[in-house]
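Q: Hi, could you walk me through this one? I'd like to talk about its rings and a few other spots.

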Amino acid sequence: MVSGSSFELQLLKKCSHMSCPFTTPAPGSGPLQPGGVELPLEGFLTITPSPSPVFSIVHRMKRDFSFLEKRICRFNYELRWNFLRIWNLEKWRHRQQQQETELATKMLQIQHKRFYLDVKQNRRGRFIKVAEVSVDGRRNQIFLTLSTAAEFRDNLNLFSEYYSQLGPPNPDHVPEDGKLKSEVIIKDTRRYYLDLKENSRGRFLRVSQTILRGGPRSHVAIPAQGMIEFRDALTDLLEEFGTDDGGFKGELPEGRHMRVDNKNFYFDIGQNNRGVYMRISEVKTNFRTAITVPEKSWARFRDYFADYCDKMKENAQKDGDSTGDVAGSSSA
C-alpha cells in the first residue's frame, strides 16, 4: 500500500495540470468530473485527490488530541485542587465548631429578613455573631466583641433618634451616595462603618466590618424601622453577659508605618483576652507576612535591637579607622 503523502508527490510529478479544474481525460479513461483528475493506473485504480494532504489531516488530529489531553489534565488538576480546598475548609469549620460554644441566641424578624444574634465563646473569649438571612437564603454576618457591641448599641440610639426626626422619604432630596448619617467604630485592627442610607426600597442601616490594611469585608443591612428592636435585643444580651473583654483598660497607641526600599512595614498595637500585643507586618506588592510580639517581650526586643545597632555602629567605626590608616600610610 502506498502512503498518501508519497503517492501524491508521485502524482504531482506525473501530472503538472492537476491544479486545473478540468483537463483532457486520458485515453480509455472515464469522463472527467469537476474537482478531480481520473488517471488509469496499475490495477485500474482511480484516485481523486482530497483538498488537503493526508499528512496535514493527521497532524491536525494529533494537535487536537494534544490540546484535548492538556484540557483534561487541567480539568483534573482544578477538580482535585477544589476538592482539597473544600475538604480543608470543612475540616476547619468542624474544628472551629468544636472549639466554639454557643452561650445564647436571639432571632429577630424585621420586614422580610431574619437576624440572629449569637453569643459565643472560644479560646480567645466571648463575642457576638450577627447574621442576616434574606428571603432567598443569602447569609451575611459580622462579629463583635462585647465592648464593641456595647459601643454599637450606643450608636444605634443615636441613629434611631436621627431617623425619628426625618420626614417621609423624598426622592428629590436624596444624596448622591444615599448616605444620611455615618459613624465609624475602631476596635484593635477592625473597623466598623455605620451608614444610614436611603434608596428606592427605603431606609436602612448598613454595618460594614473590615480589617485594617487588607482582609475580607463583610456587612449586614438593618431596616431603619427595626433599629430599636435590634438595639433592645442587643441590650438584653449585654446585660446578661457584660461588656468586659478583659485585658488592657487604657487607650492603646496608634499604629505606625515605615517604608524601606520597596517594602512597607506596619506596626499595629492590639489586644485580646491574653493581653496586649504588637503586630509587625512586612508588605510588598504580592507578598505579606507578619509576626506578633506580646507586650511582655517588647523590652527584650528593644534591648536586642539596641545591642545590634551599637555593634553595627562600632563595626562601622572600626572600618572607617582602618581605611584612614591605610590612606595615611600610602600618602607617607
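A: Happy to! A definition to begin with: rings of Phe, Tyr and Trp (its six-membered ring) pair if their centres lie within 6.5 Å. With that in hand, Phe115, Phe152 and Phe230 form one aromatic cluster. Keep in mind that this is a predicted model.

Q: How many aromatic pairs does the structure hold?
A: The structure holds three of them. One is phenylalanine 115 with phenylalanine 230, an edge-to-face pair with 5.9 Å centre to centre and 90 degrees between the planes.

Q: Which parts of the chain does that pair link?
A: Distant ones: phenylalanine 115 is in strand 2 (residues 113–122) and phenylalanine 230 is in helix 4 (residues 227–241), 115 residues apart.

Q: And what about phenylalanine 152 and phenylalanine 230?
A: They also make an edge-to-face pair, at 6.1 Å centre to centre with 75 degrees between the planes. Here too the pair links distant parts of the chain, as phenylalanine 152 belongs to helix 3 (residues 146–164) and phenylalanine 230 to helix 4, 78 residues apart.

Q: New topic: what does the charged end of lysine 181 sit over?
A: The ring of phenylalanine 159, 5.6 Å from its centre. Lysine 181 also lies over the face of tyrosine 162, at 5.7 Å from the ring centre.

Q: Where is serine 208 found?
A: In strand 7, which covers residues 202–211.

Q: Why does serine 208 count as buried?
A: Because its relative accessibility is 3%, and buried means under 20%.

Q: What does serine 208 touch?
A: Leaving out residues up to four places away in sequence, serine 208 touches Arg191, Tyr192, Tyr193, Arg217, Ser218 and His219.

Q: Zooming out, how many helices and strands are in the chain?
A: Five helices and 12 strands. The chain has 332 residues, and 25% of them count as buried.

Q: Last one: among contacts between residues at least 6 apart in sequence, what share joins residues at least 24 apart?
A: That share is 37% for this chain.

Key:
Residues numbered from 1 in each chain as written. Predicted model: local features only at pLDDT ≥ 70, side-chain atom pairs only at ≥ 80, totals over all residues. Heavy atoms only, no water. Helix = DSSP H or I, 4+ residues; strand = E, 2+ residues; numbered from the N terminus. Buried < 20%, exposed > 50% of the residue type's maximum accessible area, 1.4 Å probe, protein only. Contact = heavy atoms within 4.5 Å. Phe/Tyr/Trp six-rings, centres within 6.5 Å; stacked < 30°, edge-to-face > 60°. Lys NZ or Arg CZ within 6 Å of the ring centre and 35° of its normal.
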